[in-house]
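Please consult the sequence and the structure shown below while reading.

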Amino acid sequence: MAREITQKRKIVNTLVAWTIGFLIFFPILWTVLTSFKTEAQAISDPPVFLFFDWTLENYAIVQERSDYARFLWNSVIIAVGSTVLGTIISVPAAWSMAFVPSKKTKDILLWMLSTKMLPAVGVLYPIYLIFIELGLLDTKVGLVAVMTLINLPIIVWMLYTYFREIPGEILEAARMDGATLRDEIIHVLTPMAIPGIASTVLLNIILAWNEAFWTLNLTAAKAAPLTAFIASYSSPEGLFYAKLSAASTMAIAPILILGWFSQKQLVRGLTFGAVK
Amino acid sequence: MPLKKALCAATALTLASAGAAFAETTITIATVNNGDMIRMQGLAEDFTAKHPDIKLEWVTLEENVLRQRVTQDVAAKGGQFDVMTIGTYEVPIWGKQGWLVSLNDLPESWDAGDLLPAIRNGLTIDGELYAAPFYGESSMVMYRTDLMKKAGLDMPEAPTWDFIKQAAAAMTDKGNEVYGICLRGKAGWGENMAFLTAMANSFGARWFDEDWKAQFNTPQWSDTINFYMDLMNNYGPPGASTNGFNENLSLFQQGKCGMWIDATVAASFVTNANDSTVADKVGFALAPDKGLGKRGNWLWAWSLAIPAGTDAEDAAKEFIAWATSKEYTALVASKEGWANVPPGTRTSLYENPEYAKVPFAAMTLGSINSADPTNPTVDPVPYTGVQFVAIPEFAGIATQVGQEISAALAGQQSVEEALEKAQALTVDEMEAAGY
């Protein structure tokens, strides 16, 4: 018998959910609002919330000062490139771990995850020197490679958990029908795991988009993505909060829109297999 | 024969563009995000018009990110930048390491003799100028003339610390959110320790004696920090242990500080009527002293330098000679007015009667001239640098010391505990570094 949910309880739950949602979203909202203020309004105390003279001046200044399109293009290439490459490598890897595990599979999975436990700065110098040797500093190719390697453990782990939900018998049936390994992965496994793969891809695009350690340290002028664009508007001596907010809004807008449109897919993927 | 024609045209075009690409040199300039540097980017067309064969690429970063980025690049010889914006702290260290190209051969017309001696000395090692100053700054007292008058006091041009305390007490009106004095409290070698090291100089304290022995256990340091705590706890704004330049600027602009001792560059912000509610009520004075012959002001210059090993050295020199020239100053003045000219680098600027009309010009020059990086303290020291010690270990040590003092300001420990820890950690770090 389903539990009875009273109207009152429904209203309270909805209110609580909206309040929590609003609190989580508030910093982004505040950034967007600040981007429409003057520098003086941005720091005024008490802070002004909605009733101020809205201005587009900061966006105009940011547009004039920086080549936004170039930063955006670099971000797109790095985020999408590394995710696609990572997924191509991870699908077969996760397949083997999910369907033909060996004794060491668990260890390998843990070992892969352990690479995420080391602070990134610990390997900055070795990677920087390798990049100098290979001529990869300030190139998109270099960054795609690094971002792929960084996100690989997460992609493999996520895909592995999704693949485990798929009954091995289905793949067996395909094999009995004469499917080769390639057919099995591309035509049977992948379509079934699409929600999981989609949410993995989306999450990784977001992670790669927001990554601000390697993208700042390994780039200069040519391959710098939007994280470097934001960093150019921060300053310890001088007030740039409104312009910084405008730059941040411009940097997060594309990924926010992508997230907005794909939220159904994302939620479906993240809860994939949660209910048995 | 249209195909043949088209092929010929395409070949000619390719050759032409290849020729152009061959002649063009691109220099990558790493710079900080501040008003003067952004203005320079905007005016760079003047340079490229005169040097059509040189293309400029800009990498603008927040100061601390930039410092880490360029240090890493110059140390590993990454070759990412041809011109770097670096501070007075880095120049002597990097120059000694052989990481920078000497600028002694900049053209005669650039006029090295015109540079302010205090600034030039800080950028010269063994007779070699390793960086060209773009703008220089010191620190000074900014105060509210109306509040000072209301308190019945008159700010002298060169106040003492005792007067500052008296004035802070008289101006404080916590009920109306007016605090007598705002000072840096946020931890960091370039944050609270820049202020406190300069302040300590005027109290007769020093970081190290002539044998490189740490001095935090001396009465001079105890006096400095106790005086600072007294000021901040009684007359400072709440939560001061997280206040840096920007936080104090914001408080001052909103009329919540009676006095603020900080970088001279702040003068143009607090007197800007668009952002500041007290723009017409600000006075300036030299940083305070204790009657010991040293004032509590620092000296800093953002300078342009060329990393050794760049393959565009000549073009980089051309650019630096343009950006730090007298002509550039005149260009800024003609386009944006004298108040926006990068200050604090050249004698000729301060001899210019037009520039003398800028309200903070004289005080900035006075402050810069009263700081001597080669002789910063009352007692002799083995190091150069006013608000820093020009050794590579300093940034790390001073940031830790800054954290201890910031913790004391936040009430988490006593001044004595903070200084004891500062002494212990400095001794350890210096021993580990082989001093």
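## Two loop residues of chain B

Asp126(B) is found in the loop that runs between strand S4 (124-125) and strand S5 (128-129) of chain B. Helices (H or I, at least four residues) and strands (E, at least two) are DSSP runs, numbered from the N terminus. Although Asp126(B) is not a glycine, its phi is positive, at about 50°. Asp126(B) is exposed, because 8 other C-beta atoms lie within 10 Å. A residue is called buried if 20 or more other C-beta atoms lie within 10 Å of its own, exposed if 12 or fewer, and partly exposed in between, with C-beta atoms placed from the backbone.

Glu177(B) lies in the loop between helix H8 (161-171) and strand S7 (179-182) of chain B. This residue, not a glycine, has a positive phi of about 60°. With 13 other C-beta atoms within 10 Å, Glu177(B) is partly exposed.

## Basis and confidence of the model

The model is predicted; local features need a pLDDT of at least 70, side-chain atom pairs count only at pLDDT 80 or more, and totals for chains, interfaces and linings use all residues. Residues are numbered from 1 along each chain as its sequence is written, while chains are lettered from A and ligands numbered from 1 in the order in which they are written.

For the complex, the predictor gives an ipTM of 0.82 and a pTM of 0.84. Chain B has an average pLDDT of 91, and 95% of its residues score at least 70; pLDDT is the predictor's confidence in each residue, from 0 to 100. Two residues are in contact if their C-beta atoms, placed from the backbone, lie within 7 Å.

## Overall form of chain B

Chain B contains 19 helices and 10 strands. Its radius of gyration is 24 Å, close to the 22 Å that the globule rule gives for 435 residues, so chain B is as compact as a globular protein of that length. The radius of gyration is taken over C-alpha atoms, and the globule rule is 2.2 Å times the number of residues to the power 0.38. The C-alpha trace of chain B spans about 90 × 50 × 40 Å along its principal axes.

Of the 435 residues in chain B, 49% are buried. Among contacts in chain B with a separation of 6 or more, 74% involve residues 24 or more positions apart.

## Domains of chain B

The domain assignment divides chain B into domain 1 (25-137 + 299-356) and domain 2 (139-298 + 381-432); such bounds come from an automatic or database domain assignment. The C-alpha centres of domain 1 and domain 2 of chain B are 28 Å apart. In chain B, 7 residues of domain 1 are in contact with 11 residues of domain 2. On the domain 1 side, helix H5 (90-97) and strand S10 (299-305) of chain B are the elements that give two or more residues.

## Helix H18 of chain B

Helix H18 (residues 394-409) of chain B has 16 residues and reaches 22 Å from its first C-alpha to its last, close to the 22 Å expected at 1.5 Å a residue. The expected span is 1.5 Å times one less than the number of residues in the helix. Buried residues of H18(B) include Phe394(B), Ile397(B), Val401(B) and Leu409(B). The buried residues of H18(B) pack against helix H9 (192-202), helix H10 (219-235) and helix H19 (415-432) of chain B. After H18(B) comes Gly411(B), with a positive phi near 85°.

Chain A has 14 helices and 0 strands. Its C-alpha trace spans about 70 × 65 × 30 Å along the principal axes, and 34% of its 276 residues count as buried. Met147(A) is located in helix H7 (residues 140-164) of chain A. Met147(A) counts as buried because it has 26 C-beta neighbours inside 10 Å. Not counting residues up to four places away in sequence, Met147(A) touches Ile78(A), Ser82(A), Ala208(A) and Glu211(A).

Between the chains, 25 residues of chain A are in contact with 30 residues of chain B. On the chain A side, the elements that give two or more residues are helix H2 (39-42), helix H6 (124-134) and helix H11 (214-217) of chain A. The largest share, 3 residues, comes from H6(A).
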